[in-house]
Amino acid sequence: MLSEIREFLGCATPDAWVEAALRDQEVLLIDHKNNEFKAASTALALIAKYSTHEELVNFMSRLAREELRHHEQVLAILKKRGIGLRPISASRYASGLRAAVRNHEPHKLIDTLIVGAFIECRSCERFAALVDHLDADLAKFYGSLLKSEARHFQGYLGLARRYGDEADIEKRVAHIREIEAQLISSPDEEFRFHSGVPSAA
């Protein structure tokens, strides 16, 4: 599965990001918690907007429940480690990807699903990049998330293929892959779960 994940992405997570994550695990966990909530919210928003797309509704309903469960699990880890909740700004990553989404249907749905696939795919790749460097408890948790994030990636991409044209999807995946790789490999002023290379690195 990890070979498929890495093949789909345009670049690997830079070592400098891994080093930054290990230095600032408090922000890593808080942003991770926020991302799980955003993932659930996105799934619910898609259900509301595309309520007649039965396969999408079923998949997103399951995904929202799973993402909220992950959100609760990260909250528990934060509490156990004595890390208080505080607001942190969102990274440029998701907004940078969503800027590429076409604004007319059905292409808007297809692009939104492809963006979702990239977000889940990168999350899976980042868990894999971190897992060997973390303490036993966090490594076990992040290792357990690898399979679910991979399933989410496959689910988003499968829905894009269900509702879109294969030739168009291939072009859009290639286009969004370039944007995603640029966001991951270029300097970034702030460290977040999906940020690029720390500018101080």
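The tour opens at helices H3 and H4, whose crossing is left-handed; a crossing bears that name if the near helix is turned anticlockwise from the far one by less than a right angle, and is called right-handed if clockwise. The model is a predicted one, in which local features need pLDDT of at least 70 and side-chain atom pairs count only at pLDDT 80 or more, while totals for chains, interfaces and linings use all residues. Residues are numbered from 1 along each chain as its sequence is written, and side-chain values use heavy atoms, with hydrogens and water left out.

**First stop: H3 and H4**

Please select residues 25-49 for H3 and residues 54-80 for H4. Helices here are DSSP runs (H or I, at least four residues), numbered from the N terminus. Two packed helices are described by the angle between their axes and the distance between the axes. For H3 and H4 the angle is about 160° and the axes lie 8 Å apart; axes are lines fitted to C-alpha atoms, for helices over the stretch in contact, and angles run from 0 to 180 degrees between N-to-C directions. H3 is therefore roughly antiparallel to H4, a term for angles over 145 degrees, whereas under 35 is roughly parallel, 65 to 115 roughly perpendicular and the rest oblique. The residues of this contact divide into 19 nonpolar, four polar and three charged. In this division Ala, Val, Leu, Ile, Met, Phe, Trp, Tyr, Cys and Pro count as nonpolar, Asp, Glu, Lys and Arg as charged, and the others, Gly among them, as polar.

Within H3, select Glu26. Glu26 is partly exposed at 35% relative accessibility; the class lies between buried, under 20% relative accessible area, and exposed, over 50% (1.4 Å probe, protein chains only). Leaving aside neighbours within four places in sequence, Glu26 is in contact with Ile83 and Arg86, where contact means heavy atoms within 4.5 Å. A C-alpha to C-alpha distance drawn from Glu26 to Gly84 gives 9.1 Å, although the two are 58 residues apart in sequence.

**Second stop: H4 and H7**

H4 passes H7 in a left-handed crossing. By class, their contact has 12 nonpolar, five polar and nine charged residues.

Next, display H6, residues 107-131, and H8, residues 166-185. The two axes come within 10 Å and cross at roughly 45°, which means that H6 is oblique to H8. This crossing is right-handed. From H6, the residues that meet H8 include Ile110, Ile114 and Phe118; on the H8 side, Ile169, Val173 and Ile176 are among them. The contact of H6 with H8 divides into eight nonpolar, one polar and seven charged residues.

At the other end of H8's story is Leu183, which lies in that helix. Leu183 is buried at 12% relative accessibility. Not counting residues up to four places away in sequence, Leu183 touches Arg92, Tyr93, Gly96, Leu97, Ser195 and Gly196.

Select Ser123 in H6. Ser123 is buried, with a relative accessible area of 7%. The Ser123 side chain reaches the backbone oxygen of Ile119 at 2.9 Å. Beyond residues up to four places away in sequence, Ser123 touches Glu149, Phe193 and His194.

Glu125 is also found in H6. Glu125 is buried, with a relative accessible area of 6%. Excluding residues up to four places away in sequence, Glu125 touches Ile5, Leu9, Ala12 and Thr13.

Ala12 is exposed, at 53% relative accessibility. Setting aside residues up to four places away in sequence, Ala12 touches Arg122, Glu125 and Ile184. Ala12 and Arg126 are 114 residues apart in sequence, yet 8.8 Å apart in space, C-alpha to C-alpha.

Finally, select Pro106, in the loop between H5 (93-98) and H6. The peptide bond from Glu105 to Pro106 is cis, with omega near 5°.

Notes:
Helix = DSSP H or I, 4+ residues; strand = E, 2+ residues; numbered from the N terminus. Polar contact = N/O pair within 3.5 Å; in protein donor to acceptor, adjacent residues only side chain to side chain.
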